[in-house]
Amino acid sequence: MSSFDTLVLHFCRLGPAGLSPKAPGTAGSFLASVLAPFLFLPLAMPGRLALLAVLFVVGALAASRAEILLNRQDPGCVVIDELVGQWIAMLALGSFSDASTWRDVLFLLVPFLFFRLFDIRKPWPVHASESWLPAGWGIMIDDVLAGLWALLCVSLIMLALRSFYPGFLTL
């Protein structure tokens with residue numbers, strides 16, 4: 001295996017997350033949630049959307065290569081799709097600041113849990129989308145849709161919380 005192929009696998013697996021012996025998708029989503037306050041949430045919305053677009057394309061190409069290298073369709077160790085879906089679920093969140101509280105940090109669990117729910121349960125059209133596109137593109141698209149479902153739920157919860165508790169979520 002070439003150095004480039006090794007790099008592709010590390011990228012697809014998000015380092016060690018995809019090698020988790022149990023629930024590598026959950027490990028990948030958790031890592032994405034931990035990294036988000038440092039790499040994703042500080043970006044303005046145009047930067048977030050651009051980063052997601054780049055990660056989707058590069059992730060799809062890398063996941064396609066990983067399928068070839070590992071000789072399996074949609075290998076469980078490929079979790080770059082979880083990062084993209086998890087960050088989509090977090091699009092409505094602001095960045096952390098000095099005014100952020102423990103509730104803001106704790107609220108990161110909400111998009112994490114909703115994304116995992118939709119990624120595992122695969123409501124329409126999440127499950128159907130897996131066959132819409134070939135190879136790595138299909139790997140990525142279902143997590144994008146699961147992330148959009150989660151984003152909708154997170155946005156509704158944030159709207160409700162802010163109407164009842166105006167000071168909540170100072171992100």
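1. Let me start with a charged pair: arginine 116 forms a salt bridge with aspartate 119, with the closest N and O atoms 2.7 Å apart. (A salt bridge here is a side-chain nitrogen of Lys or Arg within 4 Å of a carboxyl oxygen of Asp or Glu.) Both residues sit in helix 6, three residues apart, about one turn of the helix. Helices (H or I, at least four residues) are DSSP runs numbered from the N terminus. Arginine 116 and aspartate 119 are both buried, where buried means under 20% relative accessible area, exposed means over 50%, and partly exposed is in between (1.4 Å probe, protein chains only).

2. Before going on, the ground rules: this is a predicted model, in which local features need pLDDT of at least 70, side-chain atom pairs count only at pLDDT 80 or more, and totals for chains, interfaces and linings use all residues. Residues are numbered from 1 along each chain as its sequence is written, and side-chain values use heavy atoms, with hydrogens and water left out.

3. On confidence, pLDDT is the predictor's own score for each residue, from 0 to 100. The protein chain averages 92, and 96% of the residues score at least 70. Among the elements, helix 4 has the highest mean pLDDT (98), while helix 7 (residues 126–129) has the lowest (77).

4. Back to the charges. Aspartate 142 and lysine 122 meet through their side chains in a salt bridge (2.8 Å, N to O). That pair links distant parts of the chain, 20 residues apart: aspartate 142 is in helix 8, and lysine 122 is in the loop between helix 6 and helix 7. Aspartate 142 is buried, at a relative accessible area of 3%, whereas lysine 122 is partly exposed at 22%. There's a network of salt bridges here too, linking Glu82, Arg116, Asp119, Lys122 and Asp142.

5. The search of the whole structure turns up five salt bridges. One of them joins the side chains of arginine 65 and aspartate 5 (2.9 Å, N to O). Arginine 65 belongs to helix 3 and aspartate 5 to helix 1, so this pair ties together parts that are 60 residues apart in sequence. Aspartate 5 counts as buried because its relative accessibility is 8%; arginine 65, at 31%, is partly exposed.

6. Now the inside. A nonpolar core is a set of buried Ala, Val, Leu, Ile, Met, Phe, Trp, Tyr and Cys residues joined through side-chain atoms within 4.5 Å. The largest one has 36 residues, of which Phe40, Val78, Trp87, Met90 and Leu93 touch the most other members. Helix 1 (3–13), helix 2 (24–39), helix 3 (45–70), helix 4 (80–89) and helix 8 (135–164) are the elements giving two or more residues to this core. Apart from it lies another core, of eight residues, among them Phe118, Leu145, Ala150 and Cys153.

7. Worth a click: phenylalanine 40. Leaving aside neighbours within four places in sequence, phenylalanine 40 is in contact (heavy atoms within 4.5 Å) with Leu35, Arg48, Leu51, Leu52, Trp87, Met90 and Leu91.

8. One more pair, for distance checks: valine 58 and cysteine 12 are 46 residues apart in sequence and 9.6 Å apart in space, C-alpha to C-alpha. Valine 58 is in helix 3 and counts as partly exposed because its relative accessibility is 38%.
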